[in-house]
Amino acid sequence: MSEILIPGGYDIDAAAERAGEALGNAAFIEKHAAPGRIGLCGGRDWINKLIRKAQSPLTEDGHRSLWSHAFIFSERRIDGHWWVIESDLDLRYKQIRLGVQENRVDRYYDAETFPNIAILDFDLSPEQVHKIQVAGLDLLSGLSSYSISELVGTLMAMHSRRLRRRSNLMAREGALYCSALVQHCYHAAGIEFLPGVPGKNIAPHDIDESPLPHRTHRIIRDLGVSTIRELGHTSKHWLSSALD
């Protein structure tokens, strides 16, 4: 795993300038993106904060998750940009968009809006990448919708091991939220992030914590917790680096 942590209290722009351009979201994505890889982000707006907080039962310490959204890198197009496939509840534009969509990844370049960002590499074979891309395009062509009800069902299941291993109680045909879409596409390549947990109960935090072998590259700017915990996390990171 490669990780960059900007400690709490630092100005993001100033810290990025001190540590080098590699801390910028755009440069980070350009360095680590590849077809089929998974992107995670943790946002600062109220919807993203709510999703991060709702995943607290899944975290080691019971605090909010670092992540609120998951997507799949599709390919770099003729326009020179990386495009991603995702299921999103997009309220940032004049026209509201719900469900599976294809977007340029540059929507995640803004470090103020998306302070936490990660790219996960499950060491896919070319055949697996192809299957994941095809599965994503099939969902896109079918205009699958974003399922708020399924998301609610997943949040309910987080509080019960029994419910986590059952089908989502609020599942809907033809509907997926973000991390369920990622699991759906990876299932086509024979990959289950948490064996025994149905795809429509998979949260962004689950993908990051999957026991399957993978490499994670990430920038963490917002732990979403008290300054004391930020200092503890920073000290642990520095100590690990010193020991290495």
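Reply: Happy to! Let us start with a term: contact means heavy atoms within 4.5 Å. The model is a predicted one, in which local features need pLDDT of at least 70, side-chain atom pairs count only at pLDDT 80 or more, and totals for chains, interfaces and linings use all residues. Residues are numbered from 1 along each chain as its sequence is written, and side-chain values use heavy atoms, with hydrogens and water left out.

Me: Leaving aside neighbours within four places in sequence, which residues is leucine 181 in contact with?
Reply: Leucine 181 is one of the buried residues of helix α7, where buried means under 20% relative accessible area, exposed over 50% and partly exposed in between, with a 1.4 Å probe and protein chains only. Helices (H or I, at least four residues) and strands (E, at least two) are DSSP runs, numbered from the N terminus. Leaving aside neighbours within four places in sequence, the contacts of leucine 181 are Ile72, Ile85, Glu86, Ser87, Val100, Leu139 and Leu176.

Me: How many residues of helix α7 are buried?
Reply: Helix α7 spans residues 178-187 and is mostly covered. Among its buried residues are Cys178, Ala180, Val182 and Tyr186. The count for α7 is 8 of its 10 residues.

Me: How do the planes of phenylalanine 71 and phenylalanine 73 lie, stacked, tilted or edge-to-face?
Reply: Rings of Phe, Tyr and Trp (its six-membered ring) pair if their centres lie within 6.5 Å; planes under 30 degrees apart count as stacked, over 60 as edge-to-face and the rest as tilted. A search of the whole structure finds 7 such aromatic pairs. In this one the centres are 5.6 Å apart and the planes are at 65 degrees, which makes the pair edge-to-face.

Me: Why is phenylalanine 193 counted as buried?
Reply: Phenylalanine 193 sits in the loop between α7 and α8 (204-208). The residue counts as buried because its relative accessible area is 0%.

Me: Which aspartate is joined to arginine 215 by a polar contact between side chains?
Reply: Arginine 215 lies in strand β7 (residues 215-220) and counts as partly exposed because its relative accessibility is 41%. Not counting residues up to four places away in sequence, arginine 215 touches Ile119, Leu120, Asp121 and Asp123. A polar contact is a pair of N or O atoms within 3.5 Å; within protein, one must be able to donate a hydrogen and the other to accept it, and residues adjacent in sequence count only if both atoms are side-chain atoms. At 2.7 Å, the side-chain partner of arginine 215 is aspartate 121.
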